[in-house]
Amino acid sequence: MNDSSWGAPPQAGYWGPSEQGPVQGAAPAGPAYDAHNAQQTRPMPIVPGVPAHGGDQDDDRGAARLSGPLFRDDTPQAGSLGTPSQKPQEPMPSPAPQPAPAPQKKSAGRDLGAAIGVGVGLGAVIVASLFVVKAVFVGVIAVAVVVGLWELTSRLEERKGIKAPLVPLAVGGAAMVVSGYVRGAEGAWVAMALTALAVLVWRMTEPPEGYLKDVTAGVFAAFYVPFLATFVAMMLTADDGPRRVLTFLLLTVVSDTGAYAIGWRFGKHKLAPRISPGKTREGLFGAVTFAMVGGALCLQFLIEGGTWWQGLILGLAVAATATLGDLGESMIKRDLGIKDMGTLLPGHGGIMDRLDSLLPTAPVVWLLLVLFVGSG
């Protein structure tokens, strides 16, 4: 209600309109006074109990008019001024109290049955290929890289109109993984440079519009997916390579599991609400705790020459890089306006939705293991 609804501004010598005529004792309006009209004016009857203007009520003249019949929200009381007595209405029966809604259980936000089943199946394939023939596991990495590149380039084109050339990326990415396994870091860098060059040349076969953004996205994709994955193949070249890769996979999974379990149960304080609203500080604490404990056990019992305190450092590093990797892909997906990169893995999303934590963690684990126990 604005100020004008409290009544129009009073005119000179007049307190405002009234349904019952002019107020008794008020001077007539206007500069001239007509005695004849004054005699024809019938005086307003005096009502006992109503103070005249100038008493305590004069401090709020507008408030004196609020209770009049001009305001629909005011319900006249029986026997009040200017209102005939009415029979009071019988009170309405109060509604029966409604039962309180049952508290809803926290939802995990995904199909846990499908997620667990797919996770167990992938784990079995990885472990079988890892400990049977190393070359087979290298092939598994190459396939994951090619599928991840396909998901990433497809989403870029669908959501942003960016056409990163898939063919040179897929061929160069697979070659990058094999080169890292055969020739080490030197082979991986050479393959990365040749892949970037192939992206630049391949895109020249199309019109120049959008060339810069397309090749920039292509070089980014080559580094983000196959180059980082090459460090997993490089871990495999050591004598205890399968156990190093297993340690890398276990610690990343344990970190994600700790973050999910603790964050879902106790999470209250957001970690990065503008990037990933579901992640909490409590979840990060769970990731660090689980990963450090897992790292101490793995370095003590799986890696020859490793000690438990080195495992604590390794677990802390894994929790940090896995969280940053997850946030990094969340930034990409938020920019693209999508929830998942793909739908190939029920309960998980796409391949890239599983590689987000693994990719940035691989070079860190490879480097720390080389520093702790050597490259042999």
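The legends below describe close-up views of a predicted model.

**View 1. Gly-187 in helix α5.** Gly-187 belongs to helix α5, which covers residues 166-203, and its relative accessible area of 11% makes Gly-187 a buried residue. Met-176 is eleven residues from Gly-187 in sequence, and the C-alpha atoms of Gly-187 and Met-176 are 7.5 Å apart in space.

**View 2. The salt bridge between Glu-158 and Arg-155 in helix α4.** A search of the whole structure finds six salt bridges, and one of them joins Glu-158 to Arg-155, with 3.0 Å between the closest N and O atoms. Side chains of opposite charge can pair when their charged atoms come close. Because Glu-158 and Arg-155 are three residues apart in helix α4 (residues 134-160), about one helical turn separates them. Glu-158 is exposed, with a relative accessible area of 55%, whereas Arg-155 is buried, with a relative accessible area of 13%.

**View 3. The salt bridge between Lys-160 and Asp-335.** Lys-160 forms a salt bridge with Asp-335, and the closest N and O atoms of this pair are 3.3 Å apart. The pair links distant parts of the chain, since Lys-160 lies in helix α4 and Asp-335 lies in helix α9, 175 residues apart. Lys-160 has a relative accessibility of 38% and therefore counts as partly exposed, a class that lies between the 20% limit for buried residues and the 50% limit for exposed residues.

**View 4. The salt bridge between Arg-203 and Asp-214.** In the salt bridge that Arg-203 forms with Asp-214, the closest N and O atoms are 2.8 Å apart. Arg-203 lies in helix α5, while Asp-214 lies in helix α6 (residues 211-236), so the pair ties together parts that are eleven residues apart in sequence. Both partners, Arg-203 and Asp-214, are buried.

Conventions: Residues are numbered from 1 along each chain as its sequence is written. This is a predicted model: local features need pLDDT of at least 70, side-chain atom pairs count only at pLDDT 80 or more; totals for chains, interfaces and linings use all residues. Side-chain values use heavy atoms; hydrogens and water are left out. Helices (H or I, at least four residues) and strands (E, at least two) are DSSP runs, numbered from the N terminus. Buried means under 20% relative accessible area, exposed over 50%, partly exposed in between (1.4 Å probe, protein chains only). A salt bridge is a side-chain nitrogen of Lys or Arg within 4 Å of a carboxyl oxygen of Asp or Glu.
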